[in-house]
Amino acid sequence: MTPTDSTAPPFAFPYGVNQFTTMPWSFEEDLTHYAGLGVEAIELCETKLHQDHDRAKAQLASVAEAGLPISSVQPVVRTVFPSETQPDPADRRDRLARFRRSVELIAPFAPGAVFVTNTGPAPDGNLHEAIRQVVTHHRELADIAAENGVRIALEPLNPVLLNAETAIWTYRQALDIVQEVDRENVGVCLDLWNLWQDPELVPRLADAPDRLFLLQVSDWRTPRSRMDRRGVGTGDIPVGRLLHAAHGVGYRGPCVLEIFSDNVPDSLYETDLDDLLRDNRTALESAWRTG
């Protein structure tokens with residue numbers, strides 16, 4: 001079946017939305033709007049949950065009531081090392097403990113979900129030592145995840161975030177770490193905004209197809225801030241080609257829209273967010289057909 005085959009479905013993946021995409025909405029507004037728009041999966045952002053444990057559990061229970069499977073999760077602390085957006089706690093063991101609390105809270109409401117992680121910046125610029133610790137950390141994360149029936153996806157970030165949020169910036173770097181961790185429940189998160197400029201991305205996807213755990217999409221322009229992502233089809237990313245590359249190696253999970261848009265004069269957060277979600281779904285279908 002070719003992308004232009006009239007028998008092909010309009011889109012090959014369930015359409016998911018990351019809650020950062022609709023940051024101006026509350027958790028409850030997200031559920032109401034997503035369900036009304038036919039969103040098929042939610043990437044839950046723990047920062048949107050109430051700080052009170054019981055109220056957070058009630059929010060999590062309401063996700064299923066809205067008919068939205070939790071496909072993936074952005075825990076409140078996801079970097080191994082302190083980063084600009086996640087500076088606390090400072091000690092790696094304390095960060096591991098905080099991750100455990102996130103998993104134990106959310107996993108009962110999200111069986112099989114993928115929890116996203118990042119490395120954080122390499123302490124003192126020592127990338128070799130940072131990677132060693134990242135491997136150790138992810139083996140420990142894998143144990144926590146296995147105890148709770150969920151998975152881990154390490155996400156390499158765009159080079160613009162080096163020394164701020166990440167120590168790795170290519171798919172191969174992430175896959176090398178995942179393969180050294182060597183646990184069935186640890187894979188890679190492919191965010192097109194982060195990796196579309198990686199010249200080896202497409203061939204590396206075929207190196208270990210079963211390790212691709214999550215696909216995130218948006219579009220790229222030269223950033224005006226660290227939170228300047230655009231809607232699909234309005235920037236430079238060859239989204240259709242990369243969707244077909246992911247599909248070609250066997251990925252069938254949700255395609256999750258993840259947009260950050262802050263500290264820019266034309267923030268998408270200030271637009272009609274219902275239209276944003278509808279327009280991106282239409283753009284993904286178009287990219288798939290023409291990709």
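Tutor: A pocket, in the sense used here, is an open set of grid points with protein on both sides within 12 Å along at least five of seven lines, and its volume is the space filled by probe spheres set on the points. Please keep in mind that the structure above is a predicted model.

Student: Which helix gives the largest share of the lining of the second largest pocket?

Tutor: The second largest pocket has a volume of about 320 Å³, and of the 13 residues that line it, Glu46, His50, Gln51, Arg98 and Leu105 lie nearest its centre. Two helices, H2 (53-65) and H3 (92-106), each supply at least two residues of this lining. The largest share, four residues, comes from helix H3.

Student: How many charged residues does the lining of the second largest pocket have?

Tutor: When the lining of this second largest pocket is sorted by class, four residues are nonpolar and four are polar. The remaining class, charged, has a count of five.

Student: What is the volume of the largest pocket?

Tutor: Its lining is made of 20 residues, and those nearest the centre are Arg78, Thr85, Gln86, Glu165 and Phe260. By class, the lining of the largest pocket divides into seven nonpolar, six polar and seven charged residues. The volume of the largest pocket comes to about 480 Å³.

Student: How much space lies in the largest cavity?

Tutor: Rolling a probe the size of a water molecule over the atoms shows where empty space is left, and a cavity is a place where the probe fits but cannot get out. The search of the whole structure finds one cavity of 30 Å³ or more, and its lining includes Val77, Arg78, Phe99 and His137. The space in this largest cavity is about 50 Å³.

Student: Which helix supplies the largest share of the lining of the largest cavity?

Tutor: By class, this lining has five nonpolar, three polar and two charged residues. Helix H4 (127-148) and helix H3 each supply at least two of the lining residues. The largest share, three residues, is that of helix H3.

Student: Is Phe13 buried or exposed?

Tutor: A residue counts as buried when its relative accessible area is under 20%. Because the value for Phe13 is 3%, the residue Phe13 is buried.

Student: What is the class of the pair formed by the rings of Trp196 and Trp220?

Tutor: Planes under 30 degrees apart count as stacked and planes over 60 as edge-to-face, with the rest called tilted. The rings of Trp196 and Trp220 have their centres 6.0 Å apart and their planes at 55°, so the class is tilted.

Student: Why does Asp182 count as exposed?

Tutor: Asp182 has a positive phi of about 60° although it is not a glycine, and it is found in the loop between helix H5 (171-181) and strand S6 (186-191). To count as exposed, a residue needs a relative accessible area over 50%. Asp182 is exposed because its relative accessibility is 62%.

Student: What relative accessible area does Asp124 have?

Tutor: Most residues other than glycine have a negative phi. Asp124, in the loop between strand S4 (114-117) and helix H4, has a positive phi near 60°. Asp124 is exposed, and its relative accessible area is 84%.

Terms used
Residues are numbered from 1 along each chain as its sequence is written. This is a predicted model: local features need pLDDT of at least 70, side-chain atom pairs count only at pLDDT 80 or more; totals for chains, interfaces and linings use all residues. Side-chain values use heavy atoms; hydrogens and water are left out. Buried means under 20% relative accessible area, exposed over 50%, partly exposed in between (1.4 Å probe, protein chains only). Rings of Phe, Tyr and Trp (its six-membered ring) pair if their centres lie within 6.5 Å; planes under 30 degrees apart count as stacked, over 60 as edge-to-face and the rest as tilted. On a 1 Å grid over the protein atoms alone, a cavity is a set of points where a 1.4 Å probe fits but cannot get out, and a pocket is an open set with protein on both sides within 12 Å along at least five of seven lines; lining residues have an atom within 4 Å of a point. Ala, Val, Leu, Ile, Met, Phe, Trp, Tyr, Cys and Pro count as nonpolar, Asp, Glu, Lys and Arg as charged, and the others, Gly among them, as polar.
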